[in-house]
Amino acid sequence: MRKKLLSLSGIGLFLLPCSLVAQTANKPTLMVMPSEAYMLAAGVCTKTTIDGEERNICSYRKLLAQDPVFSSVVTAVAKAFQDRGYPTKSLEDALKTLEADAAQDAMASKAVQKSDADRLLESVRPDIGIDVKMQKPMVMGQTKAILTLNAVDAYTSEPVASNEM
């Protein structure tokens, strides 16, 4: 009887790490970033033509520098997902990596021009990108923040979920 208990507890100790690994393996990696609509409203985008198509080139770095409240919102949303066990990629760390890569590309004189959003998603490769749009309406003399979160599958560009809070 004691031998059976020891063998069952040994199996339980073996299966516990396996189940923990299996649980984390199923969760997608997320990256929280500002939506293009919010960036346009904040005035951090410029229009340019890339491959004959007019596109908005938005400066994430400029947005985070000029809007510290939004920077805090991105951090808080990412932390909320981390608290629920989802692995996240940091927007600011990704921007630092992109800037270093851009400097290397400039030295190698690559002629292909890409938007920061495209380069972010290519370098970080999150499974799901979470676009955050923030509105700051005045309610009874106080500014209120309304967040709209849109989750988009990075591989198929299909919407996964959307929520307003």
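1. Of the 165 residues in the chain, 26% are buried (under 20% relative accessible area with a 1.4 Å probe, protein chains only; exposed is over 50%, and partly exposed lies in between). The model is predicted: local features require pLDDT of at least 70 and side-chain atom pairs pLDDT 80 or more, whereas totals for chains, interfaces and linings use all residues. Residues are numbered from 1 along each chain as its sequence is written, and side-chain values use heavy atoms, with hydrogens and water left out.

2. The accessible surface of the chain is about 11,100 Å², and carbon and sulfur atoms account for 57% of this area (Shrake-Rupley method, 1.4 Å probe; for residues, only the protein chains shown count as cover).

3. The chain contains 6 helices and 9 strands (DSSP runs numbered from the N terminus; helices are H or I with at least four residues, strands E with at least two). Of the contacts between residues at least 6 apart in sequence, 54% join residues at least 24 apart; contact means heavy atoms within 4.5 Å.

4. An open sheet of 5 strands has the order E4-E1-E5-E8-E9, with mixed pairing (two strands pair if DSSP finds at least two bridges between them). Strands E4 (88–89) and E9 (159–164) are at the edges with a single partner strand each, so one side of each has no neighbour in the sheet. Helix H4 packs on the sheet and touches E1, E4, E5 and E8; its direction makes about 135° with that of E5 (axes are lines fitted to C-alpha atoms, for helices over the stretch in contact, and angles run from 0 to 180 degrees between N-to-C directions).

5. The largest nonpolar core has 27 residues, and those with the most contacts inside it are Val32, Met39, Phe70, Leu91, Ile130 and Val132 (such a core is a set of buried Ala, Val, Leu, Ile, Met, Phe, Trp, Tyr and Cys residues joined through side-chain atoms within 4.5 Å). H4 gives the most to this core, with 5 residues. Not counting residues up to four places away in sequence, Phe70 touches Pro34, Tyr38, Leu63, Val132 and Met134.

6. E5 and E8 pair in the antiparallel sense over 8 bridges, and Lys133 stands opposite Thr148 in E8. Is Thr148 buried or exposed? Thr148 is buried, because its relative accessible area is 15%. Its side chain makes a polar contact of 3.5 Å with that of Glu164 (a pair of N or O atoms within 3.5 Å; within protein, one must be able to donate a hydrogen and the other to accept it, and residues adjacent in sequence count only if both atoms are side-chain atoms).
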